[in-house]
Amino acid sequence: MLGDGNGWVISPNGKKYWGKFGAAGLFLQAEDKILLQHRAAWTAQGDTWGIPGGARDSHETATEAALRETVEECGIDPAHVTPCEEVVTMRVPGWSYTTVLARTIDGAPLPVEANEESEELRWVPLDDVCELHLHPGFAAALEGLIGHTCPHD
């Protein structure tokens with residue numbers, strides 16, 4: 001059911017995580033860049049940079065959720081994206097976050113259009129990502145994600 005994943009999960013230690021069925025995001029690569037989202041201040045852990053993503057609905061795979069969220073938040077046409085790997089980058093009892101690694105079909109950055117959940121969208125060179133104020137979960141996962149980057153065609 002569309003939107004049935006929206007809501008908080010509270011872990012045994014009392015910490016809250018968004019997404020009743022977990023969450024997923026898209027680590028979208030083009031050339032030596034990745035697509036980053038400057039999250040709106042009103043969002044959970046807002047005013048930080050990370051990848052587009054959000055709550056998984058009950059019927060979605062991590063890849064389906066990550067692509068849906070990227071369409072909603074960035075206006076990306078999923079026909080121009082090739083997912084290549086799913087990496088669980090955070091797991092707590094009853095909740096997980098899966099990062100879906102993907103590449104643009106032609107290897108070039110795609111045009112993007114931010115929705116209200118974003119202050120800005122930007123294709124950022126991998127070497128410059130750590131210069132931004134990163135979402136804590138993304139910052140913790142970044143080194144491992146770079147080791148899993150999608151192969152070039």
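Modeller: Phenylalanine 27 is buried, with a relative accessible area of 0% (buried is under 20%, exposed over 50%, partly exposed in between, with a 1.4 Å probe and protein chains only). Phenylalanine 138 is buried too, at 6%. Bear in mind that this is a predicted model: local features need pLDDT of at least 70, side-chain atom pairs count only at 80 or more, and totals for chains, interfaces and linings use all residues. Residues are numbered from 1 along each chain as its sequence is written, and side-chain values use heavy atoms, leaving out hydrogens and water.

Now the ring pairs: there are four of them (Phe, Tyr or Trp rings, six-membered for Trp, with centres within 6.5 Å; planes under 30 degrees apart are stacked, over 60 edge-to-face, the rest tilted). Tyrosine 17 and tryptophan 95 are stacked, because their centres sit 4.7 Å apart with 25° between the planes. Tyrosine 17 is buried at 9%, and tryptophan 95 is buried at 8%.

Back to phenylalanine 27: with phenylalanine 138 it makes a tilted pair, 6.5 Å centre to centre and 45° between planes. Here strand β3 (residues 23-30) is linked to helix α2 (residues 136-146), across 111 residues.

Ring pairs also gather Tyr17, Trp95 and Tyr97 into a cluster. Finally, lysine 16 lies over the face of tryptophan 8, 4.6 Å from the ring centre (Lys NZ or Arg CZ within 6 Å of the centre and within 35 degrees of the ring normal).

Conventions
Helices (H or I, at least four residues) and strands (E, at least two) are DSSP runs, numbered from the N terminus.
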